[in-house]
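These are my notebook entries on one protein model.

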Amino acid sequence: IVYACIAARMRPFSEVRFAMQEMINGRPGKLSSDPSLSLLERPWPNAQTGELLVRMEQDNSLAGNFYAARVNYSTGPGIRRMRPDWVSIVSGINGDAADPTQLEAEPIAYIYHVPGQTARLISAENVGHFSPEPDPISTWRGMSWLTPVIREVQADEYATNHKAKWYQNGAALSTVISYDASLTPQQFAEYVRLFNENHRGPKKAFETLHIGGGGDATVIGSELKTDFRAIQGAGETRIASAAGVGAIIARFSEGLQGSSLNQGNYAAAKRQFSDMLLRPNWRAAAGALSKFTSPPENHRLWYDTYDVEFLKED
């Protein structure tokens, strides 16, 4: 479920291109190309802009942060993605820390520590940091959209495991066997081992049960009565809502039935997804990646949606 949401965010997000946008009297103007965009078009060997954007959204969804540093490859200058859980932000106060006008420290560098290797200190001007969902308890970090729905994700996992166990245990929720009181602990353990060996698992389902030693078997339940479709469907919708994609865009069951299949509903869901998630994240991505370009005077790095099929009306 989580992967479906990340994929729904990631794929259209990776379709955009970057360009320089002219600013005239504070208003955005035409888009144009620029030689400094080559670093975004070939961020690392055998990669293109789409792969860079995929990595940005993937790290953003799972960790809330995407970090990239300016490096030199054998083929020339490039960008290196830094695994977010190996990054620490170094902050400091410019001036006297005791000065009451100094409200809070600001980021001045990043530590990248690969386990088993020496940590590297990278100055802030050489690191692009993409974090469109701010963490309310950490000023300089982002927050994964998964954070508010951890319980829903866990509940969905529990329900999936419950169904798997039902099939694994011979399509029966539980079987109680009463043994003769004269059995020794060793004999009891051996009977349990033999029972599990011969009667557990989906391949043994619906077979005749044979037991010995004076045992009496009672089947407590043999049907999967819980409406998992309704339970998991509601959880899927909440997860999709937190992801910003909705059940229709994520192609979940609750978004693919009844009136949800109406063309107008899909168009509205797509428009909402584009306006409320894709465009703000593209803007944030342009801001984070601007460190790796050199915009001409009165220009800024911006995104070009001209060839993004997802945004077209028909």
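**Entry 1: a sheet beside a helix**

I began with A68, which stands opposite G128 in strand 8. I take strands as DSSP runs of E with at least two residues, and helices as DSSP runs of H or I with at least four residues, both numbered from the N terminus. The model is predicted: local features need pLDDT of at least 70, side-chain atom pairs count only at pLDDT 80 or more, and totals for chains, interfaces and linings use all residues. Residues are numbered from 1 along each chain as its sequence is written, and side-chain values use heavy atoms, with hydrogens and water left out.

I then looked up the strands around this pair. Strand 3 (residues 66-73) pairs with strand 8 in the antiparallel sense over four bridges; two strands count as paired if DSSP finds at least two bridges between them. The open sheet has three strands in the order 4-3-8, with antiparallel pairing. Its edge strands are strand 4 and strand 8 (127-130), each of which pairs on one side only. From one strand to the next, the twist averages 30°. Angles here run from 0 to 180 degrees between N-to-C directions, the axes being lines fitted to C-alpha atoms, for helices over the stretch in contact.

I also noted what lies on this sheet. Helix 3 lies across strand 3, strand 4 and strand 8, and runs at about 145° to strand 3. Contact means heavy atoms within 4.5 Å.

Within helix 3 (residues 49-63) I selected D59. Is D59 buried or exposed? D59 is buried, with a relative accessible area of 4%; I use under 20% for buried, over 50% for exposed and partly exposed in between, with a 1.4 Å probe and protein chains only. Leaving aside neighbours within four places in sequence, D59 is in contact with G64, N65, F66, R81, M82 and P84.

One of these contacts, R81, forms a salt bridge with D59, the closest N and O atoms being 2.9 Å apart. R81 lies in strand 4 (residues 76-82) and D59 in helix 3, so the pair ties together parts that are 22 residues apart in sequence. My criterion for a salt bridge is a side-chain nitrogen of Lys or Arg within 4 Å of a carboxyl oxygen of Asp or Glu. R81 counts as partly exposed, at 25% relative accessibility.

Helix 1 (residues 2-13) has 12 residues and reaches 17 Å from its first C-alpha to its last, close to the 16 Å expected at 1.5 Å a residue. The expected span is 1.5 Å times one less than the number of residues. Why is helix 1 largely enclosed by the rest of the structure? Nine of its 12 residues are buried, so the rest of the structure largely encloses the helix. Among the buried residues are V2, C5, I6, R9, M10 and F13.

**Entry 2: other salt bridges**

A search of the whole structure returned 10 salt bridges. The side chains of D275 and R271 meet in one of them, at 2.5 Å from N to O. D275 and R271 are separated by about one helical turn, because they are four residues apart in helix 8 (residues 263-289). D275 is partly exposed, with a relative accessible area of 34%. Salt bridges that share partners join R17, D304 and D307 into one network.

I looked up another open sheet, in which three strands take the order 5-6-7 with antiparallel pairing. Strand 5 (87-92) and strand 7 (120-123) are the edge strands, each pairing on one side only. Neighbouring strands of this sheet are turned by 35° against each other on average, direction ignored. Four bridges join strand 6 (residues 106-112) to strand 7, and A109 has S123 as its bridge partner in strand 7.

**Entry 3: totals**

The protein has eight helices and 13 strands. Buried residues make up 35% of its 314 residues. Among contacts between residues at least 6 apart in sequence, 62% join residues at least 24 apart.
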